[in-house]
Amino acid sequence: MATLSRRGLLQGTLAASALTVLPAGTAAAGPLRPVRPSTPGLVRRRLHLPSGIATGDVTSRSAVLWSRTDGTGRMVARLRAVDDEGTPLRGAGSFDRTLTSGWVTDATDHTAKIGATDLPPGTRFALEVRFEDEDGVLSDVARGAFRTAPGGARGRGRDDARGQSFVWTGDTAGQGWGINPGLGGMYCYRAMHDLDPDFFIHAGDTVYADGPIQAEVVEPDGSVWRNVVTEGVVKVAETQEEFRARHRYNLMDHNVRAMYADVPVLAQWDDHETTNNWWAGEVLEDDRYTVRDVDTLAARGRRAWQEYQPIGDARALRPGTTGFEDQRIHRRIERGPQLDVFCLGMRTFKGENTAGREPHATPLLGEEQVQWLIDGVTSSRATWKVIAADLPLGVVVPDGRAQEPIANADDGAPLGRELELARVLKAFKDAGARNVVWVTADVHYCAAHHYSPERAAFTDFDEFWEFVAGPINAGSFGPNGLDGTFGPEQVFAKAGPAGGSPRDGRFQFFGHVELAEDDVLTVSLRDGHGDTVFSKELLPRR
């Protein structure tokens with residue numbers, strides 16, 4: 001009998017007679033099967049899983065399960081508690097549950113999600129996913145694994161086993177650099193996977209809807225980069241189908257599929273899921289587009305992003321649904337007594353890009369999210385509070401004569417969007433919120449920034465660190481300048497040539513966080529081969 005490896009995605013098939021019987025007390029069967037005319041005598045094609053499987057937003061007691069099929073059907077997922085060798089646990093630790101989604105059609109591009117709840121904390125699970133068609137015929141099976149976060153209070157037994165790790169990065173398939181089979185595909189994903197992390201934060205630019213992928217790209221040294229090319233990725237995305245095609249494309253890569261099967265994803269969105277540096281209400285002046293209304297493009301881009309990312313809440317993932325009710329992107333992922341992760345949605349409420357010098361607060365997070373973040377961080381009892389931001393805090397990123405992120409290239413007192421950040425940082429200090437770390441991507445290089453009121457124009461906050469890491473399969477850029485309003489110091493930075501390809505991996509970057517049992521948090525910045533280029537150990541403040 002084959003055992004399940006954390007790093008392996010095993011593929012197999014089940015005969016139609018092997019339909020899993022759903023035990024009493026599992027998820028509801030969902031809506032009635034779609035009715036279609038019978039066609040006796042025809043040989044039916046079995047469903048398949050062309051985009052693999054994924055898990056996401058895994059907490060101590062819950063997980064989102066995701067997959068996609070190639071026809072009308074419903075997802076059937078089996079979860080079993082296993083040991084590190086993949087052997088099912090017996091006795092008190094045993095767990096075996098089968099869950100089903102609602103029926104999925106082309107209305108969601110045949111993607112489906114299941115919300116798995118009431119899971120035991122600190123437990124490793126083997127996951128088997130298949131789809132059932134209208135006649136009860138089962139698809140091939142995809143296998144993966146994940147581990148729920150530790151749970152409970154300190155010193156209360158087995159489910160309090162502590163210590164965990166995660167990786168983060170951003171920027172996949174940007175600037176025309178797609179899947180190059182001659183290099184082994186998006187092999188930098190393999191470097192993250194090899195570290196066996198407990199979860200992965202994709203900090204935005206999960207796809208480049210505005211970046212056409214051509215069969216060949218000539219690099220500055222004359223080398224020819226050869227992409228896999230599919231219908232829907234050779235022009236900017238405008239239709240709903242073209243946005244979906246971008247997500248399907250990335251999941252063609254075997255490195256991405258293998259990692260997503262084994263490592264839970266905490267997904268964020270940024271600008272390139274729609275178009276570069278967009279804001280609500282913008283009208284594009286770009287001849288590549290026939291659809292110029294950004295709000296229309298953003299709605300389609302967000303729809304496709306939500307269909308393809310394993311994100312969902314209790315309301316969106318009621319038994320029998322398919323998980324596509326409107327989903328709030330900013331959310332808190334509770335990872336046990338050591339760690340809370342706060343994923344921001346820095347596009348959802350973002351206002352127009354201006355010079356950023358307004359004397360009043362202008363929205364980037366927006367009022368709802370600002371208050372949510374303040375309330376969440378200041379009430380958190382976890383030792384470490386990690387804030388995953390899809391835009392950096394003090395990095396200057398010009399958008400023509402305007403500014404794209406928070407920083408406004410003025411070292412003085414907070415103005416415009418900076419006033420939102422000043423409010424957040426002051427609230428953290430006033431409440432005594434300690435051990436707050438920010439991680440981000442976006443700017444296509446890696447860096448470690450230390451923010452201190454001793455160097456700042458605005459001083460009413462406690463010092464903190466921000467770590468930047470990316471891209472993972474896109475062009476290299478940077479490093480950018482820093483805005484002095486909040487006193488950042490660039491302790492480390494490494495960047496590649498402007499627009500450089502991911503070919504050798506040395507200017508592709510991701511971050512790795514190791515949280516030890518004694519609560520020491522070690523952050524390392526690594527290149528696309530997994531080699532450490534910078535490391536910082538942070539001790540918890542009690």
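View 1. Proline 471 sits in the loop that links strand S21 (464-468) to strand S22 (488-494), where strands are DSSP runs of E with at least two residues and helices are runs of H or I with at least four, numbered from the N terminus. This is a predicted model, in which local features need pLDDT of at least 70 and side-chain atom pairs count only at pLDDT 80 or more, while totals for chains, interfaces and linings use all residues. Residues are numbered from 1 along each chain as its sequence is written, and side-chain values use heavy atoms, with hydrogens and water left out. A cis peptide bond, with omega about 0°, joins glycine 470 to proline 471. Proline 479 lies in the loop between S21 and S22 as well, and the peptide bond reaching it from glycine 478 is cis, with omega near 0°.

**View 2. Positive phi at histidine 110 and aspartate 196.** Most residues other than glycine have a negative phi. Histidine 110, in the loop between strand S5 (96-104) and strand S6 (111-116), has a phi near 65° and is buried (under 20% relative accessible area, with a 1.4 Å probe and protein chains only), its own value being 15%.

**View 3. The hairpin of strands S24 and S25.** Strand S24 (residues 521-527) and strand S25 (residues 532-538) run antiparallel and are joined by 6 bridges. Leucine 525 stands opposite phenylalanine 534 in S25, and among the 4 residues between the strands, glycine 530 takes a positive phi near 90°.

Notes: Pairing = 2+ DSSP bridges. Buried < 20%, exposed > 50% of the residue type's maximum accessible area, 1.4 Å probe, protein only.
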